[in-house]
Amino acid sequence: MKRMIKIQIVILLGCVVALLALDRYRFIKKEMPFIVLSEAIYDYEDGFVREYRGLTYKVLNYKRDSIDDIQYVALNSDIVEPQNNIVGGFIENQLDEETLKIFEKAMEGSEYSCTAISVETQVVAGINYRYTVECQLPEVTKARITIFKPLNDGAPIIKEYEKIK
């Protein structure tokens, strides 16, 4: 009887090791987890992120205006805010004296009268600043304004204006 229990434990441990190895293989091949332990959706103003958690990694499927990508993250990773760690994506930033100066300079002579609420940045061949703003058009409207600031200290220019619903 004891021998039969030992055999069952060895088989069970072998199955666990095989599942972990399969999960790791699927992580390396950038595939969905074989076993999805949980699924979550995180909503943002500009879309959502769907998270699938497997045994050893999670998959983050970004469907946002700023990011349309899939990221594979090992569960022992130090990534806390995954949407801020995508190469080429927008990163939340401080609305400080420098970012406000860039906003005000780009808005000079603009037909819009807007107040910056928050800012995200993206490094390109320069820096894109995406501001969430409130504008008087004659009613108060929330919008996003993307401003490009070239590397050579050139003047910032408005690239895009979009109303937020």
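**Ground rules.** I number residues from 1 along each chain as its sequence is written. Since the model is predicted, I take local features only at pLDDT of at least 70 and side-chain atom pairs only at pLDDT 80 or more, while totals for chains, interfaces and linings use all residues, and side-chain values use heavy atoms, with hydrogens and water left out.

**Patch.** I looked for greasy surface and found a nonpolar patch of about 460 Å², made by Met1, Ile5, Ile9 and Leu13. (Patch residues have over 30% relative accessible area and no salt bridge; like charges are joined within 9 Å, nonpolar side chains, meaning Val, Leu, Ile, Met, Phe, Trp and Tyr, within 5 Å. Areas are Shrake-Rupley with a 1.4 Å probe, and for residues only the protein chains shown count as cover. A salt bridge is a side-chain nitrogen of Lys or Arg within 4 Å of a carboxyl oxygen of Asp or Glu.) Leu13 belongs to helix H1, residues 2-28. (Helices are DSSP runs of H or I with at least four residues, strands are E runs of at least two, both numbered from the N terminus.) Leu13 counts as exposed because its relative accessibility is 51%. (Buried is under 20%, exposed over 50%, partly exposed in between, with a 1.4 Å probe and protein chains only.)

**Rings.** How many aromatic pairs are there? I get three. (Rings of Phe, Tyr and Trp, the last by its six-membered ring, pair if their centres lie within 6.5 Å; planes under 30 degrees apart are stacked, over 60 edge-to-face, the rest tilted.) Phe27 and Tyr57 make a tilted pair, 5.0 Å centre to centre with 50 degrees between the planes. Phe27 is in H1 and Tyr57 in strand E3 (residues 57-64), so this pair ties together parts 30 residues apart in sequence. Both Phe27 and Tyr57 are buried.

Phe103 and Tyr131 are also a tilted pair, at 4.9 Å and 50 degrees. That one links helix H2 (residues 97-107) to strand E7 (residues 126-136), 28 residues apart. Phe103 is buried at 4% relative accessibility, and Tyr131 at 0%. I noted that Phe103, Tyr129 and Tyr131 form one aromatic cluster.

**H2.** Which residues of H2 are buried? I listed Thr99, Ile102, Phe103, Ala106 and Met107. They sit on the same side of H2 because they cover an arc of only 125 degrees around the axis. (The arc is that of the directions from the helix axis to the C-beta atoms.) On the face turned away from the buried side I found exposed Glu97, Glu98 and Lys101.
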